[in-house]
Amino acid sequence: MNNVYLPITVDHIARVEGKGGVEILVSDDGVKEVRLNIIEGPRFFEAITLGKKLDEALAVYPRICSFCSAAHKLTAVEAAEKAIGFTPREEIQALREVLYIGDMIESHALHLYLLVLPDYVGYSNPLKMVDEHKKEIGIALDLKNLGSWMIDELGSRAIHQENAVLGGFGKLPGKATLELMKKRLQETLPKAEYTFELFSKLEQYGEVEGPITHLAVKPRNDVYGIYGDYISASDGNEFPSEAYREHIKEFVVEHSFAKHSHYHGKPFMVGAISRVVNHADKLYGKAKELYEAHKDLLRPTNPFANNLAQALELVYFTERAIDLIDEALAKWPIRPRDEVEIKDGFGVSTTEAPRGILVYALEVRDGKVAYADIITPTAFNLAMMEQHVRMMAEKHYNDDPERLKYLAEMVVRAYDPCISCSVHVARL
Amino acid sequence: MENGKVRIGFYALTSCYGCQLQFAMMDEILQLLPHAEIVCWYMIERNSYEEEPVDIAFIEGSVSTEEEVELVKKIRENAKIVVAVGSCAVHGGVQSWEKDKPLEELWKTVYGDGKVKFEPKMAEPVSKYIKVDYNIYGCPPEKKDFLYAIGTFLVGSWPEDIDYPVCLECRLNGYPCVLIEKGEPCLGPITRAGCDARCPNYGIACIGCRGAIGYDVAWFDSLARVFKEKGLTKEEILERMKIFNAHNPKLEEMVEKIFQEVKE
């Protein structure tokens, strides 16, 4: 007799961005099925922006997600600029990257300290850690405040930036603000290094050890970073961003408002660890040293390494932002915006959002959006995430269900999923 | 209240989680903790209980699935004060932009023939289903909006609503007028203030993220006339005003009126 037992479920996974659950079906033969239920409602971003004026659509896209709204804004703006045949000046590009880095620092700090760390120190809620882990909470707030202040200054506000526009910026901060930004980045660097040290000591569960295919945007100019026009895979393959549909296939699954994706027929991973795995040779500075010393922990075969890879990036991007600000200051004074002519065309932008590859493909006709395709990192990751939760479940389905739920949630949290992003974006 | 602590719940419907993020990112939240007990807040608390009674329920997001209709009703039953937080909860959010298109059409554009086991519906504001006691506006709300509302509740008083437009704050700050001086379609004149004219400060036209001013003082018609004189079509005006006001019952008829006026 082959019994099927009540599913082990977490209806609403806490401490992730968005609303999703895990369902593990167990029978006498072991784990039958694992499903990540994505239950947040659809928002149809591609559909609602069709036929809309380009600037209005660009104001709406960042509303897909709060944790990475700057990533959405800047990727959408780049796709639109490629479509209309405009290339921003180098100094504008550098400052946009600083804005993007602000998002990266804020997002990584929030994820690592507020969402992940409580599991490792035995708290259900990061705010309860204040008394016992005062130092960590202090560092988390400092990093988060630095990131959100950078976004605020360059983007007009910490969530849903309106200041990044076609042709450049609405307004730029003064030279003194950029100097202050450099100073604050320098002061915060030791806190980023402390974060790396802290996370290098946390367990990376062996249950989910195994081969993973990683995809990441190949950074421009051979410097580890955010923008790029090619996607590289850890299997050695490389293809231009515009060809993403030839290599990555999306499909609808019935338990999720977010679609799943396969690369050459198989699940794959994107995110900080994928960037590190594919492009560690392009790191420099302190991050390069840390990488060399801890390669074994930043390995390609375990999703938990994503947490440490984010900590490594806190160090890297803090240093990188300082250099980018210097590049911009060398060209001071900077005109914030160039006139753009809204011509017809098609453009694809691929960038590295905090959680991995973000794709925007936009077609512009008569000043309006004629086609929009957006694929977010979490949508890319869902299939792989399910596979890793399954690996965890196969080792623990006979244990206390509460223990299994906890471990399954930790796997999901290591991916830093952004469920709001994943729902409602993706077009056939 | 138990042990003198206010019981708080923060619930998410369909949204970007930005309102909660804004709330969670306030350093002042640490000062709130000794006075509050977080009963439900999935974004930061693993031990969250959706069906427990609370003093104040903050709801973010639009009602976009049948499950969320049931959830808001349960929250109302269990809460003394219900606060709708942010443009999605208060006005249905940007996902309501095409609310007049059939849901099937939007679904097909994004999901093709794919099916899921949950029941989606067109986004709607929370107040469509339950009584809302107070609104916090914005996409996202300003941190001071949260501080003001919570601070006022904690001292046992009631926060006041804002009934004047972004223009007022913009004039007080002395920013160049985006509408008149730059000629861009700024929605400042009809949009609820409280952001300190954030976007006009950057030389960027307001897109109305805090929603239209209430109390029937959002003069869509006057602004539509100005936009019309600048050469915008009725459709363009409606589309822009609808980004954050798709569910406003007055919007269409007031804009329509301007296009029926006889040319002088």
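**Charges, burial and backbone in a predicted model**

Modeller: Both Glu162(A) and Lys73(A) are buried. The model is a predicted one.

Biologist: What makes Glu162(A) and Lys73(A) a salt bridge?

Modeller: A salt bridge requires a Lys or Arg side-chain nitrogen within 4 Å of a carboxyl oxygen of Asp or Glu. For Glu162(A) and Lys73(A) the N to O distance is 3.8 Å, so the pair meets that limit. The two residues come from distant parts of the chain, 89 residues apart: Glu162(A) is in the loop between α5 (134–155) and β4 (164–165) of chain A, and Lys73(A) is in helix α3 (residues 69–84) of chain A.

Biologist: How many salt bridges are found over all chains?

Modeller: The search of the whole structure gives 60. One of them pairs Glu56(A) with Arg240(B), with 3.0 Å between the closest N and O atoms. This pair joins two chains, because Glu56(A) lies in helix α2 (residues 54–60) of chain A and Arg240(B) in helix α10 (residues 234–242) of chain B.

Biologist: Are Glu56(A) and Arg240(B) buried or exposed?

Modeller: Glu56(A) is buried, and Arg240(B) is too. That puts each of them under 20% relative accessible area. In chain B, Glu124(B) and Lys121(B) form a salt bridge at 2.9 Å, N to O, and both of these residues are also buried.

Biologist: Which residues are linked in a network of salt bridges?

Modeller: The network holds Arg89(A), Glu90(A), Glu91(A), Lys331(A), Arg335(A) and Asp338(A).

Biologist: How do you know that Glu17(A) has no salt bridge?

Modeller: The nearest side chain of opposite charge belongs to Arg355(A), and it is 6.8 Å away. The charge places used for that distance are CD of Glu and CZ of Arg, whereas the salt bridge test asks for nitrogen and oxygen within 4 Å. The result is a buried Glu17(A) without a salt bridge. Glu17(A) sits in the loop between β1 (8–10) and β2 (20–27) of chain A. Beyond its neighbours within four places in sequence, the contacts of Glu17(A) include Ser66(A), Phe67(A) and Pro417(A), and, from chain B, Cys16(B) and Tyr17(B).

Biologist: Why is Lys5(B) called partly exposed?

Modeller: Buried means under 20% and exposed means over 50%, with partly exposed in between. The relative accessible area of Lys5(B) is 29%, so Lys5(B) is partly exposed. Lys5(B) is in the segment before β1 (6–12) of chain B. Among the residues that Lys5(B) touches, leaving out those up to four places away in sequence, are Leu33(B), Glu37(B) and Asp55(B). The C-alpha atoms of Lys5(B) and Asp55(B) are 9.5 Å apart, although the two residues are 50 residues apart along the chain.

Biologist: Which residues form the negative surface patch?

Modeller: Glu66(B), Glu67(B), Glu70(B) and Glu119(B). A patch residue needs over 30% relative accessible area and no salt bridge, with like charges joined within 9 Å. Glu70(B) is in helix α3 (residues 66–78) of chain B.

Biologist: Where are the cis peptide bonds?

Modeller: One joins Trp332(A) and Pro333(A), with omega about -5°. Pro333(A) is in the loop between α10 (305–329) and β12 (345–353) of chain A. Another joins Cys139(B) and Pro140(B), with omega about 0°. Pro140(B) is in the loop between β7 (134–136) and α6 (143–154) of chain B. Most peptide bonds are trans.

Conventions. Residues numbered from 1 in each chain as written. Chains lettered and ligands numbered in written order. Predicted model: local features only at pLDDT ≥ 70, side-chain atom pairs only at ≥ 80, totals over all residues. Heavy atoms only, no water. Patch = residues over 30% accessible without salt bridge, like charges linked within 9 Å, V, L, I, M, F, W, Y side chains within 5 Å. Areas by Shrake-Rupley, 256 points an atom, 1.4 Å probe, with all protein chains shown as cover. Lys, Arg positive; Asp, Glu negative; His and termini not counted. Helix = DSSP H or I, 4+ residues; strand = E, 2+ residues; numbered from the N terminus. Buried < 20%, exposed > 50% of the residue type's maximum accessible area, 1.4 Å probe, protein only. Contact = heavy atoms within 4.5 Å.
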